[in-house]
Amino acid sequence: MAYSDKVIDHYENPRNVGKLDANDPNVGTGMVGAPACGDVMRLQIKVNEQGVIEDAKFKTYGCGSAIASSSLATEWMKGKTLEEAEAIKNTQLAEELALPPVKIHCSVLAEDAIKAAVRDYKQKKGLL
Amino acid sequence: MGSPCHFALFGLQPDFRVDLAQLAARYRELAKAVHPDRFAHASEREQRLALEQSAQLNEAYQTLRSAPRRALYLLSLSGEALPLEATVQDPEFLLQQMHWREELEELQDSADLDGVAAFKQRLKGAQNELDERFAECWNDPARREEAERLVRRMQFLDKLAHEVRILEERLDD
């Protein structure tokens, strides 16, 4: 199966790979996995006092589509408020990356990782 | 229900604990009996039937010989089948998976064959432990949630074991 140019670009030059301090009270960590393909995805956000995501990092073990989905997700999240980030849909990621139907679940995983990171941050701040 | 129970095909009761050597032997026996070559001169209907049985037998064998597939199948017999594509949120376990993947990456970079062997042994140990825990709880409806979590973990370790095999082959060359 051929990957789209955008997937290849994110796969070869992933944006924002790395790690933020999970113990930092301003950092939210989302950890999700897809058992059928064994993918593991960690997505982290650092939120400033205005409630804006000022940094986002990810680390994904999985296929090119999973890496591209999480890479794009971190790119889109930066500079957004938590509410805006939570509104990112997997369909938007899939469309931007031109994912084929069999790889849609990779974008679902990325959306779930975004939500998990935001939830973790809110839990830390007692907002839930 | 169109197809017979995978376990019944082998004359077994549904159970997680399966003697794999015995299963393989029984499979070879049964496969011989329905092998298409034996029906080369049979009627078209008989040929088609043999082909169907052969396919069913293969599917059953492939399902039962793999621990995670067997576990998923058992859960589908005793309740609703788990969705194929799902997002798992099992933070502690996933964090460990992340560490193991990192470790494997380092072993790959350093081409450390002894390290890979030790890693493989540790992984096997973790798989055995999961298998034991699943065998204890899969048949207890009150522990369904636990059984589902365990089978998801088994799937991840199965994929990781696959990665290890690929790495071994690459380092062997």
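**Entry 1: domains of chain B**

I began with the domain assignment of chain B, which gives domain 1 as 6-65 and domain 2 as 91-172. I noted that this is a predicted model. I then looked up the spacing of the two domains of chain B. The C-alpha centres of domain 1 and domain 2 of chain B lie 30 Å apart.

**Entry 2: the sheet of chain A**

I turned to the strands of chain A next. Three of them form an open sheet, in the order β1-β2-β3. The pairing is antiparallel. Which strands of chain A stand at the edges? I found β1 and β3 of chain A there, each with a single partner strand, so one side of each has no neighbour in the sheet. I read off the twist as well: from one strand to the next, it averages 15°.

I then followed one pair of strands. β2(A) and β3(A) run antiparallel and are joined by eight bridges. I also looked for what faces A:Arg42. In β3(A), A:Lys59 stands opposite A:Arg42.

I checked what lies on the sheet. Helix α2(A) packs on it and touches β2 and β3 of chain A. The direction of α2(A) makes about 175° with that of β3(A).

**Entry 3: two helices of chain A**

I stayed with α2 of chain A, residues 64-77, and looked at its packing with α4 of chain A, residues 90-97. Their axes are 10 Å apart, and the angle is about 110°. Angles of 65 to 115 degrees count as roughly perpendicular, so α2(A) and α4(A) are roughly perpendicular to each other. I noted the handedness too: α2(A) passes α4(A) in a right-handed crossing.

Which residues make the contact? From α2(A) I listed A:Ala68, A:Ser69, A:Leu72 and A:Ala73. From α4(A) I listed A:Leu93, A:Glu96 and A:Leu97. I sorted the contact of α2(A) with α4(A) by class: five nonpolar residues, one polar and one charged.

**Entry 4: where chain A meets chain B**

Last, I looked at the two chains together. How many residues of chain A are in contact with chain B? I found 17 residues of chain A in contact with 17 residues of chain B.

I looked up which elements of chain A supply that side. β1 (27-34), β2 (39-47), β3 (53-61) and α5 (104-124) of chain A each give at least two residues. The largest share, five residues, comes from α5(A).

Conventions:
Residues numbered from 1 in each chain as written. Chains lettered and ligands numbered in written order. Predicted model: local features only at pLDDT ≥ 70, side-chain atom pairs only at ≥ 80, totals over all residues. Axes fitted to C-alpha atoms, helices over the stretch in contact; angles between N-to-C directions. Helix = DSSP H or I, 4+ residues; strand = E, 2+ residues; numbered from the N terminus. Parallel < 35°, antiparallel > 145°, perpendicular 65-115°, else oblique. Left-handed = near helix turned anticlockwise from the far one by under 90°. Contact = placed C-beta atoms within 7 Å. Nonpolar A, V, L, I, M, F, W, Y, C, P; charged D, E, K, R; others polar. Domains from an automatic or database assignment. Pairing = 2+ DSSP bridges.
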